[in-house]
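Colleague: Before we start, I would like each term tied to its cut-off. Please show me the model.

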Amino acid sequence: MSEPSLSTVLDRNTIVTDLAARSKDDVIAALTQLLLKQGYIESQEAFIAAVHEREQEGATGIGGHVAIPHGRSDTVRKNGMAIAILRNEIPWESLDETGAKAVVLFTVGSNDDGAQEHLKLLSMFARKLAKSQVVEALLHARSADDVIGAFAD
Amino acid sequence: MKIVGVSACTIGIAHTYLAQQKVEDAAKAAGDDVKIETQGTIGIENALTPEDIAEADIVLLAVDVKIANEERFNGKKVVKVSTDTAIKSPNKLVAKLHEIVGK
């Protein structure tokens with residue numbers, strides 16, 4: 001089975017490296033700001049509320065210093081993601097008691113008209129994050145190109 | 001042995017697929033045949049066939065929500081865990097499946 005390109009999901013305008021953040025809220029604020037600026041979401045406040053709602057349901061730290069918060073909301077204009085590589089690890093509820101050094105924030109729209117293909121790409125992206133060599137490269141990324149490279153085969 | 005299963009999480013965009021990949025990798029490393037169906041936002045993918053289910057030694061459900069067509073597994077050995085467990089300790093989970101099946 002040939003896979004469509006992940007590069008259509010990765011947007012260098014929503015990737016930040018060496019982010020100096022002290023808390024989960026800092027990271028979510030920075031990433032949602034990028035998503036707002038690039039037109040992925042209409043309201044930063046509404047999207048942050050959706051992300052927090054998901055956080056209440058359980059840990060989004062998937063282990064290995066990676067967190068994948070996500071929010072599904074009407075305010076989402078485009079399904080996609082924003083990625084932050086942090087200067088220092090911060091506390092984040094996770095499956096293995098580690099914090100977060102890399103944060104991948106997914107946007108998911110409430111309506112799914114025409115978005116299926118994009119969502120399929122996001123699911124492939126999630127599958128990539130299950131691979132330890134991908135995570136390793138991500139944690140050491142120093143630029144948006146490094147981040148994109150981490151997901152390349 | 002042959003493991004089949006389903007993964008499904010609440011939003012159906014991330015954990016579903018992480019769990020699928022982790023379990024598949026762990027099972028392959030243990031020398032097993034494995035096929036995990038995903039029930040996510042984009043619908044059902046990698047769907048299990050009746051043959052898959054008939055051939056399986058055990059069924060693994062890594063699910064946080066009610067799934068579609070669970071009755072397919074009636075009469076099979078079924079182990080149900082959360083997607084978190086599958087993502088966190090896939091190797092331990094596969095070892096436990098082996099213990100249950102006795103293979």
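**Terms and values**

Modeller: Of the 153 residues in chain A, 53% are buried. This is a predicted model, in which local features need pLDDT of at least 70 and side-chain atom pairs count only at pLDDT 80 or more, while totals for chains, interfaces and linings use all residues. Residues are numbered from 1 along each chain as its sequence is written, chains are lettered from A and ligands numbered from 1 in the order in which they are written, and side-chain values use heavy atoms, with hydrogens and water left out.

Colleague: Why is B:His15 called buried?

Modeller: Buried means under 20% relative accessible area, exposed means over 50%, and partly exposed is in between (1.4 Å probe, protein chains only). B:His15 has 2% relative accessibility, so this residue counts as buried. B:His15 lies in helix α1 of chain B, residues 15–29. Helices (H or I, at least four residues) and strands (E, at least two) are DSSP runs, numbered from the N terminus.

Colleague: What is B:His15 in contact with?

Modeller: Contact means heavy atoms within 4.5 Å. Leaving aside neighbours within four places in sequence, the contacts of B:His15 include A:Arg54, A:Ile68 and A:His70 from chain A, and B:Cys9, B:Asp84 and B:Ile87 from chain B.

Colleague: Why is B:Asp57 called partly exposed?

Modeller: The relative accessible area of B:Asp57 is 23%, so the residue is partly exposed. B:Asp57 sits in the loop between α2 (50–55) and β4 (58–63) of chain B. Leaving aside neighbours within four places in sequence, B:Asp57 is in contact with B:Met1, B:Lys2, B:Lys77, B:Val101 and B:Lys103.

Colleague: How far apart are B:Asp57 and B:Ile3 in sequence and in space?

Modeller: They are 54 residues apart in sequence and 6.2 Å apart in space, C-alpha to C-alpha.

Colleague: What makes a set of residues a nonpolar core?

Modeller: The set must consist of buried Ala, Val, Leu, Ile, Met, Phe, Trp, Tyr and Cys residues joined through side-chain atoms within 4.5 Å. The largest nonpolar core here has 58 residues, and those with the most contacts inside it include A:Ile68, A:Phe151 and B:Ile3. Apart from that core lies another, of 20 residues, among them A:Ile41, A:Val51, A:Ala82 and A:Ala84. Not counting residues up to four places away in sequence, A:Phe151 touches residues including A:Leu6, A:Ile83, A:Phe125 and A:Lys128.

Colleague: How many helices and strands does chain A have?

Modeller: Chain A has 5 helices and 6 strands, in the order β-α-α-β-β-β-β-β-α-α-α along the sequence.

Colleague: How do you know that chain A is as compact as a globular protein of that length?

Modeller: The radius of gyration is taken over C-alpha atoms, and the globule rule is 2.2 Å times the number of residues to the power 0.38. For 153 residues the rule gives 15 Å, and the radius of gyration of chain A is 14 Å, which is close, so chain A is as compact as a globular protein of that length. Its C-alpha trace spans about 40 × 35 × 25 Å along the principal axes.

Colleague: What is the pattern of chain B?

Modeller: Chain B has 4 helices and 5 strands, and its pattern is β-α-β-β-α-β-β-α-α. The radius of gyration of chain B is 12 Å, close to the 13 Å from the globule rule for 103 residues, so chain B is as compact as a globular protein of that length. Buried residues make up 55% of chain B.
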